[in-house]
Amino acid sequence: MQSTQKVKMMKARYDWKSTKRWFRFKYLLLLRAKGGPSMVARGFSIGLFVEMFTLPTAGFAFVLIFPLVYLLRANLPAALIGFVFGKVIYIPFSILNKQVGEALVPKHFKIYLIHHLPHLLSNIIRSGLDLIVGGMVVGLFLGIIAYFPVVLLLKYHTNRRKEKRRIRKDQLAPADSKE
C-alpha cells in the first residue's frame, strides 16, 4: 500500500532536471543546425521582422514566418526564437513603429481606404495602418541589424567548441603515444 502511494507522490513532483536537459539539447541542436550559423541567423532575423507587425494584424502575420523561412532557406526554430524575442522588445519599438508609419503613410491614402472599405475594415485600418507599415520598415531594419551579431556569436561559439576539442585531443595524444 505504501509503495503505491510513494509512486503516486513521485509522479506528482516535476522533474526540473529533465526540462533543463531538454532545453540544453534543443540549444545544442540549434547551434549545430545544418546550414551553419548563417541559416540560424536568417531564421532569427525573419522571426524578429515578422513580430514587429504581427500585433496590429491580430496575429495573422505569424503565418508569414513559414513561407519566408522556406524561401530564404532559414531555420524555423531560430525564427520562432526571434519571434518570441520580438515580443519581448515590441512595446518600446511600437512607439517607433507608429512614428515611422505616420511619416510613411500619406494622410489622403488613409482617408481613401476608410471611405472605400467596409466599416469593420475601416476601423482596423484607421487604428493599425501606421503600426503595420512602420512595423514592417522597423522590423526589416531590426532583422538586418540582428543578423550580423547572431552570426558572429554562433561562429564564436563554434570556434570555441572546436578549440576545446583540439586541446582535449592534444592532451590525449601524448598519453596514447606512450602506450
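## Salt bridges between helices

A salt bridge is a side-chain nitrogen of Lys or Arg within 4 Å of a carboxyl oxygen of Asp or Glu. In this predicted model, Lys-98 and Asp-130 form such a bridge, with the closest N and O atoms 3.7 Å apart. Lys-98 belongs to helix α5 and Asp-130 to helix α7, so the pair ties together parts that are 32 residues apart in sequence. Lys-98 is partly exposed, at a relative accessible area of 29%, whereas Asp-130 is buried, at 3%.

The structure holds 4 salt bridges. Another one joins Glu-51 to Lys-87, where the closest N and O atoms are 3.2 Å apart. Here Glu-51 is in helix α3 and Lys-87 in helix α5, so parts 36 residues apart in sequence are tied together. Glu-51 has a relative accessible area of 3% and is therefore buried; Lys-87, with 45%, is partly exposed.

## Surroundings of Asp-130

Residues up to four places away in sequence aside, Asp-130 touches Asn-97, Lys-98, Gly-101, Glu-102, Val-105, Lys-110 and Gly-135. The C-alpha atoms of Glu-102 and Asp-130 are 5.4 Å apart in space, although the two residues are 28 residues apart in sequence.

Glu-102 counts as partly exposed because its relative accessibility is 37%. With residues up to four places away in sequence again not counted, Glu-102 touches Lys-107 and Asp-130.

The side chains of Asp-170 and Arg-166 meet in a salt bridge with an N to O distance of 2.7 Å. These two residues are 4 residues apart in helix α7, which means that about one helical turn separates them. An α-helix has 3.6 residues a turn, so residues three or four places apart point the same way.

Asp-170 is partly exposed, with a relative accessible area of 43%, and Arg-166 likewise counts as partly exposed, at 42% relative accessibility. Through salt bridges that share partners, Glu-163, Arg-166 and Asp-170 are joined into one network.

## Nonpolar cores

The largest nonpolar core has 18 residues, of which Val-40, Leu-48 and Leu-142 touch the most other members. Two or more residues each come from α2 (16-31), α3 (36-51), α5 (76-104) and α7 (119-178). Helix α7 gives the largest share, 7 residues. Neighbours within four places in sequence aside, Leu-142 is in contact with Leu-48, Met-52, Ile-89 and Phe-93.

Another core lies apart from this one; it has 10 residues, among them Ile-46, Val-50, Val-69 and Ala-74. In soluble globular proteins, nonpolar side chains tend to be buried together.

## Helix α3

The 16 residues of α3 should span 22 Å at 1.5 Å a residue, and the end C-alpha atoms are 24 Å apart, which agrees. Buried residues in α3 include Val-40, Ala-41, Gly-43, Phe-44, Ser-45 and Ile-46. Gly-47, Leu-48, Phe-49, Val-50 and Glu-51 are also buried there.

## Aromatic pairs

The model has 6 aromatic pairs. In one of them, the ring centres of Phe-44 and Phe-85 are 5.7 Å apart and the planes are at 40°, so the pair is tilted. Phe-44 is in helix α3 and Phe-85 in helix α5, so this pair ties together parts that are 41 residues apart in sequence. Phe-44 counts as buried because its relative accessibility is 15%, whereas Phe-85 is partly exposed, with a relative accessible area of 39%.

Tyr-147 and Phe-148 form an edge-to-face pair, with 5.2 Å from centre to centre and 85° between the planes. Tyr-147 is at 21% relative accessibility and so counts as partly exposed; the cut-off for buried is under 20%.

## Backbone at Arg-73

Arg-73 lies in the loop between α4 (65-71) and α5. Although Arg-73 is not a glycine, it has a positive phi of about 50°. Most residues other than glycine have a negative phi. Arg-73 is exposed, because its relative accessible area is 63%.

Key
Residues numbered from 1 in each chain as written. Predicted model: local features only at pLDDT ≥ 70, side-chain atom pairs only at ≥ 80, totals over all residues. Heavy atoms only, no water. Core = buried A, V, L, I, M, F, W, Y, C linked by side-chain atoms within 4.5 Å. Buried < 20%, exposed > 50% of the residue type's maximum accessible area, 1.4 Å probe, protein only. Contact = heavy atoms within 4.5 Å. Expected span 1.5 Å × (residues − 1). Phe/Tyr/Trp six-rings, centres within 6.5 Å; stacked < 30°, edge-to-face > 60°.
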